[in-house]
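Subject: Structure handover

Dear colleague,

Here is the structure I said I would pass on. Please look through it first; my notes follow below.

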Amino acid sequence: MVVGVCTVELWIPESQSLKDKRQVLHSVKDRLRGKFNLSIAEVDGQDLWQKAVLGMACVANDGSHAEQVMEQALNVIKSMPTIELVRVHRELL
């Protein structure tokens, strides 16, 4: 069993309030959960309007599969026009 863990720091430039930020993050998390069956949560920056840090985890029987799922999830995040990807940290456990 392999666990893929990925932490992403996001910048949401158009967010003017925590409510705006929650709407964007809710959309991102729902899309990633539905498409990739990832566990995902906001793990830092909860009180900031334009910054968010998301933690994602995926369990697989092969490290390459876990890495592939994480890469595809990152591509979905990169394709969203309302979000800028600032930093990524990936790890296989």
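What percentage of the 93 residues of the protein count as buried? The figure is 38%. Please keep in mind that this is a predicted model, so every value here is computed from predicted coordinates.

Overall layout

The protein has 4 strands and 2 helices, and read from the N terminus the order of these elements is β-α-β-β-α-β. Its C-alpha trace spans about 40 × 20 × 15 Å along the principal axes. The radius of gyration is 13 Å, which agrees with the value near 12 Å that a compact globule of 93 residues would have. The exposed surface comes to about 5500 Å², with 50% of it supplied by carbon and sulfur atoms. Taking the contacts between residues at least 6 apart in sequence, 70% join residues at least 24 apart.

Helix H1

Helix H1 runs over residues 18-36, which makes 19 residues. From first C-alpha to last it reaches 26 Å, close to the 27 Å expected at 1.5 Å a residue. The buried residues in H1 are Lys21, Val24, Leu25, Val28, Lys29, Leu32 and Phe36. They lie on the same side of H1, because the arc they cover around the axis is only 130 degrees.

What covers these buried residues? The cover includes strand S1 (2-11), strand S2 (39-44), strand S3 (51-60) and helix H2 (63-79). On the face of H1 turned away from the buried side sit the exposed residues Lys19, Arg22 and Gly34. Asn37 follows H1, and its phi is positive, near 55 degrees.

Leu93

The other residue to look at is Leu93, in the segment after strand S4 (84-92). Is Leu93 buried or exposed? Its relative accessibility is 59%, and the cut-off for exposed is over 50%, so Leu93 counts as exposed.

Leu93 still has partners from elsewhere in the sequence. With neighbours within four places in sequence left aside, Leu93 is in contact with Met1, Val2, Val3 and Val5.

Regards

How values were computed. Residues numbered from 1 in each chain as written. Predicted model: local features only at pLDDT ≥ 70, side-chain atom pairs only at ≥ 80, totals over all residues. Heavy atoms only, no water. Expected span 1.5 Å × (residues − 1). Buried < 20%, exposed > 50% of the residue type's maximum accessible area, 1.4 Å probe, protein only. Arc of directions from axis to C-beta. Contact = heavy atoms within 4.5 Å. Rg over C-alpha atoms; globule rule 2.2 N^0.38 Å. Areas by Shrake-Rupley, 256 points an atom, 1.4 Å probe, with all protein chains shown as cover.
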